[in-house]
Amino acid sequence: MADTGSEAPGTRKRSDARRNEETLLAAAAAAFVASGVDVPVRDIATRARVGVGTIYRHFPTRADLIVAVYRHQVEACAEAGPSLLHQNSSALVALAKWIDLFVDFLVTKHGLAGALQSQSATFETLHAYFIDRLVPVCAQLLDAAAETGEIVGGVEAYQLMRGIGNLCIGADADPDYDARRMAQLVIAGLRPQ
């Protein structure tokens, strides 16, 4: 009874498809950062080294692509929190690194805010998804840093994220403004006096 390998090709196809989608999402994210969400699909295809048809096969509309990139980046930010806690001996360092990732996520969304505020039903659930995925991660980091006495207790994750978000508004319009530095000052302000 030799193994025919009948499951391997299907499994490999799924992992190949995932890898191809990851490549497309990374290329689209880079194109969005460079040129905004209205970047021509052919530019994204060139970055991903695929044909335009491949992008449309995976993401039939621009809205589908924007949502997929946004969700992918939210997931990356959400998954980074527990990893940073595990990799760093200081919960405060993990929190600060995660806030840096969060700032990067926020300031690289050229045109996304406008797209999210459009009347497209495709975008309606993204804000709730963002909150549902990232607030618990931020809360976990805050709780860990408070438990070790590295920051004051009682800081609400949503409030901190909203404050950091407000610091990032307009960062792309002013090259002299450093949203990351402002966020670092906020985190430093969480230390006990």
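Helices here are DSSP runs of H or I with at least four residues, and they are numbered from the N terminus. The model is predicted. The chain holds 9 helices and 0 strands, and its pattern along the sequence reads α-α-α-α-α-α-α-α-α.

**The chain as a whole**

- The chain has 193 residues, and 35% of them count as buried.
- Of the contacts between residues at least 6 apart in sequence, 68% join residues at least 24 apart.
- The chain has an accessible surface of about 11200 Å², and carbon and sulfur atoms account for 52% of that surface.

**Helix 7**

- Helix 7 covers residues 126–147, which is 22 residues.
- From first C-alpha to last, helix 7 reaches 32 Å, close to the 32 Å expected at 1.5 Å a residue.
- At L134 helix 7 bends by about 25 degrees, and the proline P136 follows within four residues.
- The buried residues of helix 7 include L126, Y129 and F130, and L134, where the helix bends, is also one of the buried residues.
- Further along helix 7, the buried residues include C138, L141, L142, A144 and A145.

**Helix 7 against helix 8**

- Helix 8 spans residues 157–168, and its axis comes within 8 Å of the axis of helix 7.
- The two axes cross at roughly 110 degrees; angles of 65 to 115 degrees count as roughly perpendicular, so helix 7 and helix 8 are roughly perpendicular to each other.
- On the helix 7 side, the residues that meet helix 8 are F130, I131, L134, V135, C138, A139 and L142.
- On the helix 8 side, the residues are A157, Y158, L160 and M161.

**The loop between helix 7 and helix 8**

- G153 sits in the loop that links helix 7 to helix 8.
- G153 counts as exposed because its relative accessible area is 54%, and the cut-off for exposed is over 50%.
- G153 and P192 are 39 residues apart in sequence, while their C-alpha atoms are 8.9 Å apart in space.

**D100 in helix 5**

- D100 belongs to helix 5, which runs over residues 91–107.
- D100 counts as buried because its relative accessibility is 18%, and buried means under 20%.
- Leaving aside residues up to four places away in sequence, D100 touches R180 and Q184.

Key
Residues are numbered from 1 along each chain as its sequence is written. This is a predicted model: local features need pLDDT of at least 70, side-chain atom pairs count only at pLDDT 80 or more; totals for chains, interfaces and linings use all residues. Side-chain values use heavy atoms; hydrogens and water are left out. Helices (H or I, at least four residues) and strands (E, at least two) are DSSP runs, numbered from the N terminus. Buried means under 20% relative accessible area, exposed over 50%, partly exposed in between (1.4 Å probe, protein chains only). Contact means heavy atoms within 4.5 Å. Accessible areas come from the Shrake-Rupley method with a 1.4 Å probe; for residues, only the protein chains shown count as cover. The expected span of a helix is 1.5 Å times one less than its number of residues. The bend at a residue is the angle between axes fitted to the seven residues ending there and the seven starting there. Axes are lines fitted to C-alpha atoms, for helices over the stretch in contact, and angles run from 0 to 180 degrees between N-to-C directions. Angles under 35 degrees count as roughly parallel, over 145 as roughly antiparallel, 65 to 115 as roughly perpendicular and the rest as oblique.
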